[in-house]
Amino acid sequence: MKKIKNSLGALTMPLVALGVLLLFNLIRCIVTGSWSFYEISIATDEKGSVLTGNLISIIDSASALVILAMGMTLVTAACGGQDISVGAVGAIAGAFFVIMMHPQKEVQMSTLTSVAWPNVILGVVVAIIAAVIFCLFNGVLVAYFKIQPMIATLILFSCGRSIAYYFLYQALGVGSIKLDDPIIFAIGKTIPGVPIPTSIFVVILVGLLMWLIFKRTNLRLYTQAVGINQKAAQLNGINPVMVKLLSFVMLGVCVAVAAIVKSTSLSTLTTKSLMDSFEMDAILAVAIGANNLGGGKFRLGGSILGAYTIQTLTTTLNAMEVSSDSMKFYKAIVIIVIMVAGSPVVRNWIVSLGNKIKMTTRAARVKEVE
Amino acid sequence: MPNMENQAVLTMRGICKQFPGTKALNNVDFTLRKGEIHALMGENGAGKSTLIKVLTGVYGKDAGSIWVDGTEGEARIHSPQDAQNIGISTVYQEITLCPNLSVAENMFIGRTKGPFVNWWSRNKRTTEILESLNIPARARQELSQCSLAVQQMVAIARAVDMNCKVLILDEPTSSLDEHEVEMLFGLMRDLRDRGVGIIFVTHFLEQVYAVSDRITVLRNGELVGEWPVAELPQVELVARMMGKDLDDMVDLDAVGEKSVGSDETVYEAVGLSSTECKPFDFQIHKGEVNGFTGLLGSGRSESVRAIFGADRVTGGMVMVKGQHAVINKPYRAMKKGIGYLPEDRKRDGIVADLSVRENIILALQVMKGFFHPMSRDEMEAFADEYIKALQIKTASQETPIGSLSGGNQQKVILARWLLTHPDYLILDEPTRGIDVGTKLEIQRLVLKLAEEGMSVTFISSEIEEMLRTCSRLIVMRDRNIVGELTGDQLTQGQIMRTIAGGEQ
């Protein structure tokens with residue numbers, strides 16, 4: 001019981017943020033009298049029945065961000081900094097995914113059709129390997145050469161998309177390609193006969209994998225120890241360089257999976273824009289999840305909730321028909337409110353306010369007794 | 001009502017402070033008179049720091065009153081700024097000045113009124129103060145170029161210049177050598193003669209008697225009493241701090257039988273060297289307690305770090321239990337049954353944000369390997385066992401170690417290594433900055449472990465401690481081993497002579 005209470009305590013901030021957003025929508029529904037935001041309906045077409053509605057769409061569209069946020073949390077905890085190149089590395093991973101899936105390597109193909117399962121699996125594997133290699137490049141700069149993560153990852157941040165374009169152009173002669181195939185549809189949207197979006201299963205799978213890794217290894221303890229006090233960790237036999245590299249490897253896997261989820265759900269891969277400015281959203285998710293961006297203790301659950309919070313915000317603004325131009329402005333306002341509400345200063349206010357209320361009620365009770 | 005007997009400059013009455021789970025201060029009185037050096041004594045966790053923090057406005061008090069000379073009515077202290085404004089200044093153990101600024105800039109930092117600064121007059125004023133207090137520093141000198149002692153004295157000068165009536169010195173001497181301590185004491189006496197009331201918090205009993213006029217003892221958050229120094233002999237002070245009768249204290253000097261160990265060599269190094277130390281030979285027998293001694297910086301810590309593989313090992317041959325071993329990183333040393341408690345607890349020992357439980361199991365868990373995490377029950381059982389065995393004072397296993405007192409943090413690190421059941425345990429300054437009671441506990445523990453067959457290397461800046469526990473002392477000077485003392489040679493005089501050299 002106590003354990004549950006403790007972990008809830010640490011997740012208060014993202015839970016409250018998400019709750020307030022949902023409550024806001026509830027009020028909006030009552031005021032407007034239209035419950036479209038909370039409606040979940042079954043849409044049926046020739047490909048079968050599919051659940052639709054804003055809530056489903058939030059969970060579906062957040063998937064790539066959720067997966068990415070998990071990897072970002074690990075790197076943040078171990079290195080005390082963030083990888084800002086994840087969007088660009090995602091584009092590289094996506095490029096390799098498509099190249100490997102391509103059945104016949106003809107030049108100039110603007111649409112990818114008729115892929116086979118073995119190629120898809122090859123594509124996934126190669127995409128993961130590519131992303132891990134590029135993330136390891138960052139990792140070596142950060143862990144071995146001790147360069148500030150922000151600067152080390154700035155390199156791929158600025159040139160990663162060019163690398164992705166180079167590979168895709170060399171292989172297929174295009175910088176952007178449409179993905180139109182039943183298998184890709186099954187990965188990116190829904191499997192025929194299953195009413196739930198596939199990406200939700202992918203998130204569950206990645207989450208389970210993470211859970212298993214934490215359960216079966218000392219990754220959490222090592223990562224936190226290195227993030228909090230590297231010297232002490234080292235004197236206890238932990239190799240900080242390896243732990244940091246490992247966090248980048250895990251991030252690489254997450255980046256590749258996120259890139260595959262994102263490109264298949266968009267049914268298109270554009271090296272210039274795939275996962276554009278995702279790095280900032282991923283860092284934001286880690287922050288909303290009440291994780292210290294300076295490294296050390298971390299909670300994956302917080303980052304996951306943070307990612308869903310960001311997507312809920314986007315979907316809410318969409319539902320309110322805010323134009324995409326002014327969207328970023330409203331998003332910024334809400335995020336400032338969330339971050340200020342979760343800041344130590346405000347938290348202390350709330351705690352001392354709570355204490356005051358307790359004191360006054362106790363005083364009142366004492367008076368009553370007298 | 002303010003108490004003005006003997007010109008009290010500070011009067012605290014009935015101070016209470018409650019923390020979740022513990023009563024840190026219970027109805028404590030404290031009186032500081034004009035022009036006296038008043039030692040505030042107590043074991044770790046006795047409430048010294050809490051009392052100081054209440055006085056300086058870091059913590060709010062739950063009950064009680066504070067009067068300060070020159071302020072009408074009760075003093076309202078809600079922040080360190082308030083405390084400073086009514087004349088209470090603190091100089092902490094760690095220097096809190098800016099090392100990259102000049103001495104004069106440090107003297108005046110944070111005291112600017114208006115946007116303009118007259119550096120010429122400030123430098124002049126600084127020079128005056130430094131001269132009047134006999135502090136060997138120049139106004140334009142960068143602070144980091146001064147020795148630690150001088151930096152501390154600059155911090156004090158800064159406080160004095162802000163017209164402080166109450167000067168709090170919290171463990172000011174813990175990183176100073178003997179000569180520097182004497183310099184600091186000179187300054188303290190000088191200030192006392194000018195009428196400043198000084199609260200002196202320290203762990204060094206001899207220093208209390210060297211400089212203080214009066215002693216207040218706290219124990220478990222309660223006031224034990226206040227005595228003029230002459231009326232409280234050192235042994236009695238220790239007894240009061242530990243809350244024991246004098247009879248219990250007889251064995252203060254004899255902690256136990258020293259352990260020479262058996263003939264079996266547990267660890268042997270020939271020509272071992274690292275990037276930080278010169279080649280040296282060393283061996284230790286099963287069940288032996290030995291020590292490295294020498295002045296700070298003589299290379300004793302660097303030598304044991306080389307044994308543990310904490311620095312990059314550059315050469316030498318190592319035998320563990322008669323077999324060749326390559327120890328070039330801590331993990332290898334741990335696998336060979338060696339444990340190492342580092343000198344700087346905060347920097348190298350504790351993982352501050354992690355819980356007591358995680359800190360205890362850390363080394364054992366690493367030895368078990370990355371893919372073999374212990375179950376939660378197992379960890380809790382281990383943590384529980386050692387919290388009890390070493391009497392670690394903590395609210396729970398899940399309390400972050402950073403919030404424990406220094407002595408208890410040290411016990412947690414000790415527990416961490418005992419849990420790995422090492423054959424050879426290296427303790428570098430295990431008693432630094434912790435109270436007398438815990439010091440004795442640790443010394444007794446070392447002897448008990450040796451009796452059970454563990455080999456221990458014990459390093460301490462306090463020679464008495466090493467004489468009490470070690471059966472063999474290796475003396476170092478300028479990063480070289482200059483002597484080895486055993487049996488009758490183990491006297492302070494002989495150690496001093498060996499350190500000073502010249503008998504050849």
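Visitor: Which residue is the bridge partner of Ser274(B) in β13(B)?
Guide: Val313(B) is the bridge partner of Ser274(B). Bear in mind that this is a predicted model.

Visitor: How many bridges join β10(B) to β13(B), and which way do the strands run?
Guide: There are 6 bridges between β10(B) and β13(B), and the two strands run antiparallel. Strand β13 of chain B covers residues 313–320. Another bridge pair there is Glu268(B) with Met319(B) of β13(B).

Visitor: What about β10(B) and β11(B)? How many bridges there?
Guide: Strand β10 (residues 265–274) and strand β11 (residues 277–285) of chain B are joined by 6 bridges. They run antiparallel. Ala269(B) has Phe282(B) of β11(B) as its bridge partner.

Visitor: New topic: β5(B). Which residues are on each side of that strand?
Guide: Ile88(B) and Thr90(B) are on one side of β5(B), with Ser89(B) and Val91(B) on the other.

Visitor: Are those residues buried or exposed?
Guide: All are buried, and both faces of the strand, residues 88–91, are covered.

Visitor: Is the pairing of β5(B) with β6(B) parallel or antiparallel?
Guide: Parallel, over 4 bridges. Strand β6 of chain B holds residues 166–170. In that strand, Leu169(B) stands opposite Val91(B).

Visitor: Let's go to chain A. What is phi of Ser267(A) near?
Guide: Phi of Ser267(A) is near 60°, a positive value in a residue other than glycine. Ser267(A) sits in the loop between α12 (240–266) and β5 (268–270) of chain A.

Visitor: Why does Ser267(A) count as partly exposed?
Guide: Because Ser267(A) has 16 C-beta neighbours inside 10 Å. A residue needs 20 or more to be buried, and 12 or fewer to be exposed.

Visitor: What about phi of Met275(A)?
Guide: Phi of Met275(A) is near 55°, again a positive value in a residue other than glycine. The loop between β5 and α13 (278–288) of chain A holds Met275(A).

Visitor: Is Met275(A) buried or exposed?
Guide: Buried: Met275(A) has 26 other C-beta atoms within 10 Å.

Visitor: How many residues of chain A are in contact with chain B?
Guide: 18 residues of chain A are in contact with 23 residues of chain B. On the chain A side, α10 (219–228) and α11 (230–235) each supply at least two residues.

Visitor: Which element gives the largest share of that side?
Guide: α11(A), with 5 residues.

Visitor: How does the side of chain A divide into nonpolar, polar and charged residues?
Guide: The side of chain A that touches chain B has 7 nonpolar, 8 polar and 3 charged residues.

How values were computed: Residues are numbered from 1 along each chain as its sequence is written. Chains are lettered from A and ligands numbered from 1 in the order in which they are written. This is a predicted model: local features need pLDDT of at least 70, side-chain atom pairs count only at pLDDT 80 or more; totals for chains, interfaces and linings use all residues. Two residues are in contact if their C-beta atoms, placed from the backbone, lie within 7 Å. Ala, Val, Leu, Ile, Met, Phe, Trp, Tyr, Cys and Pro count as nonpolar, Asp, Glu, Lys and Arg as charged, and the others, Gly among them, as polar. Two strands pair if DSSP finds at least two bridges between them.
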